[in-house]
Amino acid sequence: SQRTLVLLKPDAVRRGLTGEIISRIERKAGWQITALELRDLDTATLEQHYGEHKGKPFYEPLVAFMSSGPVVALIVEGERVIEGVRALAGPTDPIAAAPGSIRGDYGVIVRENLIHASDSEESAEREVKIFFPGRA
Ligand code: GTP
Ligand code: MG
């Protein structure tokens, strides 16, 4: 089985949507939440996490947004969970996301799209190390 690193972004926390989003993940048969923490992210952590986007025009506003309030970080484990949580989330741009997906149902703009989920096994292992070094 797989594990993935999920972040419920500051907009999800501010809007009181963390319970709703976690419920959607929990309802999936065979998936398990194995770590969960509410925390504030500093710039150094975000630079590690979003390093691939450094230099892009949306990078600075993305880091500002991601440090604008606490996030909920989770590890989710289970069958094909990397692909599965990204399917629950929907496409990055909420306008392109179908109803029934998290971003399709609640997303407003591309930067404030509620949830991050690792996009590959390599990313998942890298990101778990950043957010839950004890679980590496
Ligand atoms: P994450 O799960 O958060 O990594 O989203 P993703 O994998 O769907 O998108 P990606 O890794 O390409 O981008 C990371 C985050 O940067 C996105 O979730 C958005 O919040 C933001 N982002 C990506 N592309 C754009 C863009 O073109 N404009 C703006 N404003 N934000 C963007
Ligand atoms: Mg990404």
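1. Two strands pair if DSSP finds at least two bridges between them, and helices (H or I, at least four residues) and strands (E, at least two) are DSSP runs, numbered from the N terminus. With that in mind, strand β1 (residues 2-8) and strand β4 (residues 115-117) run antiparallel and are joined by three bridges, and Leu7 has His116 of β4 as its bridge partner.

2. This is a predicted model, in which local features need pLDDT of at least 70 and side-chain atom pairs count only at pLDDT 80 or more, while totals for chains, interfaces and linings use all residues. Residues are numbered from 1 along each chain as its sequence is written, and chains are lettered from A and ligands numbered from 1 in the order in which they are written.

3. The average pLDDT (the predictor's confidence in each residue, from 0 to 100) is 97 for the protein, and 100% of the residues score at least 70. For the model, ipTM is 0.88 and pTM is 0.95.

4. β1 also pairs with strand β3 (residues 71-78), in the antiparallel sense and over seven bridges, and Thr4 has Val76 of β3 as its bridge partner. Five of the seven residues of β1 are buried, where buried requires 20 or more other C-beta atoms, placed from the backbone, within 10 Å of the residue's own.

Notes:
Buried ≥ 20, exposed ≤ 12 C-beta atoms within 10 Å, placed from the backbone.
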